[in-house]
Amino acid sequence: MSLSLLRLVLPLVAMASAPVKLIIDTDIGGGGCKDVDDVAAVCIAHALVDNEEAELLAIVQDTSPPQCAGVISVLNHYYDHDEVAIGAYKGTDLLPSEPLDFVPHLVNHWPSPIKNASQVPDAVEVYRRALASSPDHSVVISSIGLLMNLAALLRSPPDAVSPLSGRALLATKVKLLAIMGGKYPSSGPRPYCNFNLAPGEGPQSDRKAAAAAAGYVAANMPPQVQTIWVGIEVGIQVESGARLTSCAPASNPCRQAYIDYGGPDKDRFSWDPLTTLLAVRGVEAVGSAVCTGCDGVNAVDGDTGSNNWVGGAATNQSYIVLLNATAAGDALDDLLCQVPKHLRA
Ligand SMILES: *[C@@H]1O[C@H](CO)[C@@H](O)[C@H](O)[C@H]1NC(C)=O
Ligand SMILES: *[C@@H]1O[C@H](CO)[C@@H](O)[C@H](O)[C@H]1NC(C)=O
Ligand SMILES: *[C@@H]1O[C@H](CO)[C@@H](O)[C@H](O)[C@H]1NC(C)=O
């Protein structure tokens, strides 16, 4: 079969297959790498659910502001997907912090069953339930925030939910782990989100906690887990979100978050939606490819959060390179502008 014919046929095959089971781990609007692009990630995931391309098992918050769980619930509710489980980081390593303005705006003015993190279980419990109830090698995880929850999941022992440790659950149940964080092939001495907080953000204790979690995840993820690292250098070349101002109604909370963050008709970089879309549709769908001739592993310094690609034998880890920023941005905007299924005439 010719390559061009393959390109035509493969998306059809993908659409005919079962929806991809997806978990999103997000710092949506809160914490030391806070941004609005997590909103796009969650909204496109809901559009993918409407398309029957994805099944959203859970969305977990990995930072401290309690209302971030409420924003997740607002977005779930707007798409009529209240059944999606929500969890929140409940550890003690991150100090209380203030979210971005869109967080209270959405939670206080849009309907949602959940208003804050006190109403949802610990993210580790939500992860464990979602993984334990899924077939082997069926779940994709889009990690688009701090690695607090994944580190805690890796450390979790067998419990009433599952006789497997968190590490064994990850090794057994996960098909793909896409992690937005760091820079590739190397960050140099300075760390990048989400392996530490953004420069000048947050207290020193949060910085230490974020770096320690990232270092722990990189060093302890079972080698069976296919892992794709998505660096800052990829998402910063891809713009999305401006179209929401004109394509979506004022009642759309994704649109409002983008307007609150940057103003009307303003794009934002696309680290998080890009990572989430590739987790479901694959790297080619976001105008990207897996770096070739780049076998090796990602080493993350648990003291600083700086990272370095260590070349060597082939592993189940890779990082992506961007080929076409326009194609990536268009794919995201098309999904952001897709009318929620339950609101279609
Ligand atoms: C969380 O939301 C519930 C329900 O709206 C409310 O009773 C509670 O005071 C809120 N807690 C915080 C910390 O905001
Ligand atoms: C990659 O993962 C597969 C199972 O998914 C495993 O059999 C293989 O040993 C792993 N490769 C390495 C280098 O660990
Ligand atoms: C990049 O993608 C856009 C939109 O899909 C397409 O029109 C364009 O031809 C592509 N550019 C290259 C260099 O492939």
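**Helix packing, ligand shells and backbone geometry**

Helix H4 (residues 102-109) packs with helix H11 (residues 253-262) at an angle of about 150°. The two axes lie 9 Å apart. The crossing of H4 and H11 is right-handed. From H4, the contact is made by Phe-102, His-105 and Leu-106. From H11, Pro-253, Gln-256, Ala-257 and Asp-260 take part. By class, the residues of this H4–H11 contact comprise 4 nonpolar, 2 polar and 1 charged. The model described here is predicted.

Two ligands were examined in turn. Ligand 1 is surrounded by Lys-115, Asn-116, Ser-118 and Gln-119. On its own, ligand 1 has 360 Å² of accessible area, of which the protein covers 34%. The shell around ligand 1 holds no nonpolar residues. Its residues are 3 polar and 1 charged. Asn-116 places a polar side-chain atom 2.3 Å from an oxygen atom of ligand 1.

The residues around ligand 2 are Pro-223, Gln-224, Ala-314, Thr-315 and Asn-316. Taken alone, ligand 2 exposes 360 Å². The protein buries 42% of that area. By class, the shell around ligand 2 has 2 nonpolar and 3 polar residues. Charged residues are absent from the shell of ligand 2. Asn-316 brings a polar side-chain atom to 2.3 Å from an oxygen atom of ligand 2. For Gln-224, a backbone N or O atom lies 3.4 Å from an oxygen atom of ligand 2.

The peptide bond from Tyr-184 to Pro-185 is cis, with omega near 5°. Pro-185 sits in the loop between strand E5 (174-180) and helix H8 (204-220). Cys-193 and Asn-194 are also joined by a cis peptide bond. Here omega is about 5°. Asn-194 is placed in the loop between E5 and H8.

Positive phi values were found at non-glycine positions. Glu-52, which is not a glycine, has a positive phi of about 60°. Glu-52 belongs to the loop between helix H2 (37-50) and strand E2 (54-61). His-137, likewise not a glycine, has a positive phi of about 50°. The loop that holds His-137 runs between helix H5 (123-132) and strand E4 (139-144).

Conventions
Residues are numbered from 1 along each chain as its sequence is written. Chains are lettered from A and ligands numbered from 1 in the order in which they are written. This is a predicted model: local features need pLDDT of at least 70, side-chain atom pairs count only at pLDDT 80 or more; totals for chains, interfaces and linings use all residues. Side-chain values use heavy atoms; hydrogens and water are left out. A residue is near a molecule or strand if one of its heavy atoms lies within 4 Å of it. A polar contact is a pair of N or O atoms within 3.5 Å; within protein, one must be able to donate a hydrogen and the other to accept it, and residues adjacent in sequence count only if both atoms are side-chain atoms. Accessible areas come from the Shrake-Rupley method with a 1.4 Å probe; for residues, only the protein chains shown count as cover. Ala, Val, Leu, Ile, Met, Phe, Trp, Tyr, Cys and Pro count as nonpolar, Asp, Glu, Lys and Arg as charged, and the others, Gly among them, as polar. Axes are lines fitted to C-alpha atoms, for helices over the stretch in contact, and angles run from 0 to 180 degrees between N-to-C directions. Helices (H or I, at least four residues) and strands (E, at least two) are DSSP runs, numbered from the N terminus. A crossing is left-handed if the near helix is turned anticlockwise from the far one by less than a right angle, and right-handed if clockwise. Contact means heavy atoms within 4.5 Å.
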